[in-house]
Every structure is written in structure tokens, then in C-alpha cells.
Amino acid sequence: MCGIAGILTPSIDLRSEKPLIENISNTLKMRGPDAKGEYIKTCTALIHRRLSVIDPERGGQPMRFGKYIIVYNGEIYNTAEVRDELISCGYRFDSHCDTEVVLKAYDKWQENSVKKLNGIFAYAVYDEKENSLFLARDRIGVKPCFYAKVGDLFAFASRISSLLCIPRIKPVVGEEGLNEIFMLGPAKTIGKAIFKDIAELPPAHYMTYKDGEIKISPYWKLEARENKETASEAVEHTYSLVKDSIERQLVSDVPLATFLSGGLDSSIISKVAADYYREKGETLTTYSVDYTDNDKYFKKSLFQPNKDSDYIGMMSEAISSCHHNVILDNSDVADALAPAAIARCVPGFADVDSSLLLFCREVKKTHTVCLSGECADEIFGGYPWYHRKEILFEECFPWSRSTKARRAILRSGFLKNGEAYMQNAYDETVALTSYLDSDSPLEKRMREMFVLNLNWFMQTLLARKDVMSMESSLEVRVPFCDFRLVEYAYNMPWEIKALDAREKGILRKAFEKDLPYDIVWRKKSPYPKTHNPVYFKCVCNLVQRALDDKSCPLRDMLDISAVKALMNNPDSMTEPWYGQLMQTPQVLAYIFQIYVWIKNYNVEFEV
């Protein structure tokens with residue numbers, strides 16, 4: 001993986017802006033610590049930082065072919081097929097890196113080339129003769145791409161902070177951005193980036209920029225299609241698709257490992273990877289994460305019915321992996337809240353972010369690439385809200401069913417239209433759903449839930465995974481985000497998807513012969529979080545520091561007495577802020593991360 005950025009403007013000679021170019025490059029350094037490259041002309045600059053994974057000796061960027069120059073971030077999992085097709089058309093290749101394939105595919109098929117790619121990516125192709133730019137992002141949105149247009153200046157980057165290096169782009173947030181933070185956060189609307197001057201290229205879209213004009217077009221979307229497979233056929237189909245997706249993502253010229261939580265999804269990935277490595281006479285390395293004394297303080301809940309630690313050893317032994325269990329200190333997790341928020345460049349996901357940042361730093365000491373099990377729950381119906389009839393048909397985000405918990409900490413009268421903003425975000429997402437005329441009310445709702453989870457909950461987790469891993473210079477791949485798998489799961493009848501009346505029933509059945517029985521049929525458990533009171537105490541101290549800073553505008557947004565009451569009585573918050581992952585300690589950590597974000601980026605507010 002890599003970091004990319006670029007500037008196009010007719011009013012600045014970018015050859016004389018070397019300090020600016022260097023500053024932007026430095027913001028991308030952790031995404032690409034192994035090499036850097038630049039293409040600088042009078043009115044155009046392209047910037048690249050490389051994390052070498054495939055063909056480390058070659059594949060430097062920016063890469064040129066004819067009149068085209070590319071800066072590319074990602075991995076293409078059908079590189080061989082696309083390369084072979086290009087060779088049959090007369091193209092020759094000087095490397096086996098996917099960058100050259102993407103560039104020459106664009107030369108051959110122009111904007112239609114993106115439809116041929118199966119992978120995770122964001123890239124830009126500059127046309128020297130036309131002085132135009134083509135930007136594209138992968139279908140699911142695994143890799144980020146932000147952009148800004150201010151006057152006659154256009155810029156894009158893998159990170160928001162890279163764009164904020166440019167003096168014309170201001171760190172200003174309006175009411176819309178504040179609604180994103182307090183009414184929807186840590187989620188955000190696709191296409192938005194909190195700051196008024198900055199936007200996000202949506203997943204499954206490409207952009208062209210020429211003569212000051214931006215045109216954005218979709219190249220893929222979920223379409224309802226009839227699926228007449230029997231349950232047994234679906235089991236076989238699911239198995240082959242998942243296995244193929246995992247095996248395609250095991251290609252690497254540097255050390256590769258898997259994250260192993262002991263849950264179904266990571267266990268499937270680790271099993272397939274272990275078999276793949278065993279055939280080569282090698283042993284797979286697996287990693288898990290936990291917290292100091294977490295066993296001591298763990299409490300069962302609807303969302304977290306059991307501890308991962310009970311299952312990790314069982315799975316590692318079953319696949320004979322070389323396993324490492326990373327134990328995080330609770331005070332370190334709290335201390336990492338600030339760098340995690342700064343890395344995201346927008347308010348983050350509390351300790352769900354900071355713990356992953358620390359975990360990835362440990363993994364990076366020995367490995368450069370990992371596979372992780374994110375997104376199976378979204379596409380195979382793993383979350384409780386798919387299965388709880390009392391909330392399934394509520395017309396709201398199932399992980400944030402109201403703004404009650406959010407309103408409780410806000411100053412009275414602040415963001416008066418917050419509820420309407422949240423409801424509008426929900427309504428606009430549901431309106432994107434594609435149905436069949438033959439769909440029952442349940443099937444229609446399950447399609448809506450699929451789209452809601454794909455566009456919101458999954459995007460939050462993917463942004464977290466990308467930022468925290470790349471901040472550690474670690475590439476993390478997500479096999480369950482293969483668009484073929486997403487399309488197939490979208491059109492799978494619910495009674496088959498929830499086979500045996502279980503969450504992810506089809507996935508369990510598909511791999512029941514490959515995994516230990518207790519792993520296949522254990523209840524879903526989310527990403528592990530700390531239950532230690534030490535962490536809560538640390539977070540309270542950090543929040544108090546934020547509340548004491550009278551120079552920070554955050555104080556004017558919060559009901560300070562309500563925040564302090566929450567610190568003194570954490571059990572008083574009875575409604576989740578954001579699904580199973582954010583209770584009182586995480587809400588307080590979120591408040592602190594907003595504070596860090598405001599201070600670090602000198603955020604200004606227009607309300």
C-alpha cells in the first residue's frame with residue numbers, strides 16, 4: 001500500500017513550491033516509508049510514498065507510460081488476468097507489480113478500465129497532453145481518496161491532513177460537519193469529510209478533472225438479481241467464493257500474517273491461509289489482541305456473550321499456526337487516543353481506534369502484510385440488529401436508534417436540526433436499495449439493512465482499519481470485501497443466508513468441516529475492547545483536561561455538567577452511542593478525541 005497526493009492549478013508554479021510538496025509528502029510517510037517519488041511541472045504535482053509489497057525492486061512511482069503518469073495506492077487481486085488480456089492486445093511489461101497493469105489498462109480502456117479491476121485501490125492518472133486527471137476508488141471503499149477544489153486549485157490525497165497542508169484549503173467546519181460528528185459519528189456520510197473545503201470520492205466512483213470542471217461518475221452498484229440456488233448449492237458457492245478471495249489476497253513478496261480473534265471470520269481466513277502456506281512447506285503466523293487483566297473484568301452482554309481468549313488457542317492449535325498474543329496496557333490504550341485521532345484527521349472511534357493502532361505497531365515489527373476478517377458481519381447478517389424482530393423494521397440506523405445518548409451531552413439548543421439530519425441520512429441511504437418485484441417485505445428489509453450496513457457501519461470499520469494500519473506502515477487486506485462476494489451475498493435469500501436460524505448461518509455451514517465445532521457455532525463476538533476500570537479512570541482524566549481548556553470551542557458545544565455526571569456515574573448511559581462498540585468509556589474517549597482534533601488541526605467553526 002501507499003500514500004498518494006496531487007495538485008493541479010494554473011496560478012502557481014509548483015516547481016517553486018518544494019517546501020509545500022515536501023510537507024505533503026511527509027504527511028504520507030507512514031503510509032509509504034520505503035520510497036518516495038514526485039512528478040512536478042509548472043502547474044501540476046503528483047506525490048507518492050511507497051510501502052513495498054509486490055516487486056520491491058521495481059514499480060517505483062510516479063510511473064509513466066506514454067502521455068500518462070500514475071500515482072497508485074492499493075492491491076489488485078486479478079492482476080494476472082488483466083495483464084494477460086493486455087499482453088494479448090500487444091502490451092509488454094517491465095515488472096510484475098500491479099501499478100504497471102493499472103496504468104496500461106487505463107491506456108487501453110480509459111475510464112472503463114476500472115471495471116476490470118478486482119481489488120482495493122485509489123489512484124490518479126494524469127494526462128500530460130490534455131492537462132487532465134482521472135481519479136478512481138475501489139468498489140467497496142477500502143482505500144481512501146479525498147479531494148478539494150478552492151478557486152482554480154484542485155488537490156487530492158490519501159489523507160485529509162495532506163490537503164490541509166495547502167494554504168488555500170482551510171480547516172473550517174460548518175453545521176453540516178458538526179452534525180456528522182455529534183449526530184452520526186464515528187460514522188460519516190459517504191462523500192463527506194467534515195471540513196467544508198474537502199470532500200471524499202465515493203466508493204465505486206471515478207472522477208475526471210479538466211479545465212476546472214469536476215465530473216464524478218459511478219461505475220458499479222448493487223443490483224437486485226434473482227437467485228434460484230438451493231441451500232446446498234449456496235453452501236458450495238459461498239465456500240468457493242470465500243476461499244478464492246482469501247487465496248488471491250495471500251500474494252506478497254514480504255512477510256504476511258493473519259489476525260486471529262477466535263471468531264468465525266478470522267478463523268476461516270486463517271484456516272485457508274494456513275493450508276496455503278502448508279502446501280509451500282511454510283507455517284502461517286497469526287496475531288491476536290487483548291488487554292491487561294481483561295479476563296478479570298469481562299462481563300457478558302447481548303453484544304459480547306463470551307471472550308475471544310477462550311477460542312484463540314483452540315483455533316491456533318487446529319491450524320498449527322505460529323501464534324502471538326499481543327497484550328495492551330490500558331493506560332497505553334488511553335494515551336494512544338490522541339495519535340489515533342490525529343491520524344484519522346477527523347474525530348475517531350475511541351479505543352476501538354487506539355487499540356488497533358497499538359496492535360498494528362506490534363505486528364509491524366515482524367510483518368508488513370496481514371489479512372483480517374472485517375465485513376463478513378455486514379454482508380452475511382452477523383449483527384444482532386439483523387435478527388431482533390423488535391428493531392428490524394424501525395426506520396432508523398439500527399446501531400444508533402435515536403439521538404438520546406448524544407443529546408444528553410450537548411448544550412441545550414445546539415444543533416437544533418440534528419435529528420432531522422440523522423433521519424435524512426438514513427432515508428437517503430435506504431432510497432439507494434435495489435429490489436426485485438418478487439421480494440417479500442422481509443427480503444426488502446434485509447436488502448435495505450444490507451445497504452445500510454455496507455454504506456455506514458462497514459465504512460466506519462474500513463476507515464479505521466486503513467488509517468490505523470497504515471499509520472503503522474502495515475498493509476491489512478480484507479477478503480470479505482471482494483465485490484464478487486458482496487454482490488453474491490446481496491442476492492442470497494435471507495432464509496439461506498441465515499441458515500439454521502443463525503447469524504451468518506450460510507458461512508458457518510460452508511466451513512463447518514474445516515473448523516473446530518466450537519469455533520463454527522460460537523455466538524458472534526465483536527472486536528475486543530477493554531473492560532478494565534484503569535482505562536476508564538485514564539479517560540476521565542483526559543476528558544477533564546479537555547473540559548478545563550477554556551480556549552477550546554468544544555466547551556461551548558457540550559453540557560459540561562452532563563459530561564461530568566457521566567464520568568461520575570458511567571452506568572447512567574443506558575442507550576448505546578454506536579452499536580456494541582461504544583458505551584460510556586468510549587463516548588468519553590470520543591469527546592477527548594474531538595478535543596484533540598480541534599486543537600491539533602486548529603479547527604474553526606462556522607455555525
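## Cis peptide bonds

Pro62 sits in the loop that runs between strand 3 (44–50) and strand 4 (63–65), where helices (H or I, at least four residues) and strands (E, at least two) are DSSP runs numbered from the N terminus. The peptide bond leading from Gln61 into Pro62 is cis, with omega near 0°. A cis peptide bond also joins Gly185 and Pro186, with omega about 10°, and Pro186 is placed in the loop between helix 5 (175–184) and strand 11 (198–200).

## Basis of the model

This is a predicted model, in which local features need pLDDT of at least 70 and side-chain atom pairs count only at pLDDT 80 or more, while totals for chains, interfaces and linings use all residues. Residues are numbered from 1 along each chain as its sequence is written, and side-chain values use heavy atoms, with hydrogens and water left out.

## Positive phi values

Most residues other than glycine have a negative phi, and most peptide bonds are trans. Gln110, although not a glycine, has a positive phi of about 55°, and its place is the loop between helix 3 (98–109) and strand 6 (119–127). With a relative accessible area of 26%, Gln110 is partly exposed, on a scale where buried means under 20% relative accessible area, exposed over 50%, and partly exposed in between (1.4 Å probe, protein chains only).

Leu415 likewise has a positive phi, near 55°, in a residue other than glycine. Leu415 belongs to the loop between helix 15 (404–407) and helix 16 (418–430), and it is buried, with a relative accessible area of 5%.

## Helix 12 against helix 17

The axes of helix 12 (residues 350–364) and helix 17 (residues 441–470) come within 8 Å and cross at roughly 40°, the axes being lines fitted to C-alpha atoms, for helices over the stretch in contact, with angles running from 0 to 180 degrees between N-to-C directions. That angle makes helix 12 oblique to helix 17, since angles under 35 degrees count as roughly parallel, over 145 as roughly antiparallel, 65 to 115 as roughly perpendicular and the rest as oblique.

In helix 12, Val352, Asp353, Leu356, Leu357 and Cys360 meet Arg464, Lys465, Met468 and Ser469 of helix 17, contact meaning heavy atoms within 4.5 Å. By class, this contact of helix 12 with helix 17 has five nonpolar, one polar and three charged residues; Ala, Val, Leu, Ile, Met, Phe, Trp, Tyr, Cys and Pro count as nonpolar, Asp, Glu, Lys and Arg as charged, and the others, Gly among them, as polar.

## Two strand residues

Met207 is found in strand 12 (residues 205–210) and is buried, with a relative accessible area of 0%. Leaving aside neighbours within four places in sequence, Met207 is in contact with residues including Leu133, Phe134, Leu135, Ile214 and Ile216.

Pro218, in strand 13 (residues 213–218), is exposed at 53% relative accessibility. Pro218 and Ala136 are 82 residues apart in sequence and 9.8 Å apart in space, C-alpha to C-alpha.

## Cysteines

A search of the whole structure finds zero disulfides, a disulfide being a pair of cysteine sulfur atoms within 2.5 Å. Cys552 is buried, with a relative accessible area of 3%, and the closest cysteine sulfur to its own, in Cys345, is 17 Å away, too far for a bond. Cys43, at 24% relative accessibility, counts as partly exposed.
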